[in-house]
Amino acid sequence: MPSGLPPISNASIIVGFISFAFTFFTFVRVFWDALQTMWFANKDVRRTLDNLRTELYGERAYFKNAMMQARSKSKTSTRESVELTPLSILNDSINSMMVDFRTMEAPFLDGEEDEDVDVEKSGKVSLRGDYGHMSLGRRALWLHTKDDFMDIQNQVTRIQARRIAYETSNTLSCVRQVGMHIEDLGRRVYALEEHIRGTTLDNGKTDVKRRDPGD
């Protein structure tokens, strides 16, 4: 009688080999990606952190100016005070991300920076960070924190999208108000013309309005 394993055993062995191969190649891919991340950390850290730093400072400066303008307008118009709510929420989000970014960025810097630096008042032209030599420890740290920086980048992108939507909404509101003013001005001009030229009666004749000599 032919000897051998039952079919169910052969199927289990095949499935086991496939699972092992999948796990092995997944491990190789993850290990290779980790090596690449550490190998190119010197360029990636400077490029990624400089871009993220610039975007964060830019958004913070925008919301700072926008909040100041909104507060100044709210003193003369109660309607403007409602617009402070979305600005305040987005501004708080940016400030929170700035704190997280500075904490995560600190190990990559040579020396310490002033956390409360105001780019506009200080006249600082470059926002590039003073990043130190990329040692093995910093490369390993970048491997563990890269996804966290990317998460902040995605949050900044969403903040920028909301800011653009806010600006677009305000622009459309201003355009509608200008349109209403123009329409009202047109009605006033038409009424003035009718007053000067006269009023058309039902019989088709024109009743010219004249001022009394004593007026």
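## Glu105 and its contacts

Setting aside residues up to four places away in sequence, Glu105 touches Leu49, Arg53, Tyr131 and Phe149. The model is predicted. Glu105 sits in helix α3. Its relative accessible area is 3%, so Glu105 counts as buried.

The side chain of Glu105 makes a polar contact with the side chain of Arg53, at 2.7 Å. The two side chains also meet in a salt bridge, 2.7 Å from N to O. Glu105 belongs to helix α3 and Arg53 to helix α2, so the pair ties together parts 52 residues apart in sequence. Are these two partners buried or exposed? Both Glu105 and Arg53 are buried.

## Overall layout

The protein chain has five helices and two strands. Read from the N terminus, the order is α-α-α-α-α-β-β. Of its 215 residues, 24% count as buried. The accessible surface comes to about 15,900 Å². Carbon and sulfur atoms account for 60% of that surface.

Contacts can also be sorted by sequence separation. Among those between residues at least 6 apart, 75% join residues at least 24 apart. The Glu105 and Arg53 pair, 52 residues apart, links α3 with α2.

## The nonpolar core

The largest nonpolar core holds 28 residues. Which members touch the most other members? They are Leu49, Phe108 and Phe149. Helix α2 gives the most, with 10 residues.

## Ala70 and Leu84

Ala70 is found in helix α2. Its relative accessibility is 6%, so Ala70 counts as buried. Ala70 and Leu84 are 14 residues apart in sequence. In space, their C-alpha atoms are 6.5 Å apart.

## Salt bridges

Side chains of opposite charge can pair when their charged atoms come close. How many salt bridges does a search of the whole structure find? The search finds five. Among them is the Glu105 and Arg53 bridge.

Arg47 pairs with Asp44, with the closest N and O atoms 2.7 Å apart. The two residues are three apart in helix α2, so about one helical turn separates them. Arg47 is partly exposed, at 47% relative accessible area. Asp44 is buried, at 14%.

Asp110 and Arg138 meet through their side chains in another salt bridge, 3.5 Å from N to O. This pair links distant parts of the chain, 28 residues apart. Asp110 lies in the loop between α3 and α4 (119-122), whereas Arg138 lies in helix α5. Asp110 is partly exposed, with a relative accessible area of 43%. Arg138 is buried, with a value of 16%.

Glu59, Arg163 and Glu167 are linked in a network of salt bridges.

## A nonpolar surface patch

Which residues form a nonpolar patch on the surface? The patch is made of Phe20, Phe24, Phe25, Phe27, Val28, Phe31, Trp32 and Leu35. Together these residues have about 910 Å² of accessible area.

Trp32 lies in helix α1, which covers residues 7-39. Is Trp32 buried or exposed? Its relative accessible area is 51%, and the cut-off for exposed is over 50%, so Trp32 counts as exposed.

How values were computed
Residues numbered from 1 in each chain as written. Predicted model: local features only at pLDDT ≥ 70, side-chain atom pairs only at ≥ 80, totals over all residues. Heavy atoms only, no water. Core = buried A, V, L, I, M, F, W, Y, C linked by side-chain atoms within 4.5 Å. Buried < 20%, exposed > 50% of the residue type's maximum accessible area, 1.4 Å probe, protein only. Helix = DSSP H or I, 4+ residues; strand = E, 2+ residues; numbered from the N terminus. Polar contact = N/O pair within 3.5 Å; in protein donor to acceptor, adjacent residues only side chain to side chain. Contact = heavy atoms within 4.5 Å. Patch = residues over 30% accessible without salt bridge, like charges linked within 9 Å, V, L, I, M, F, W, Y side chains within 5 Å. Areas by Shrake-Rupley, 256 points an atom, 1.4 Å probe, with all protein chains shown as cover. Salt bridge = Lys/Arg side-chain N within 4 Å of Asp/Glu carboxyl O.
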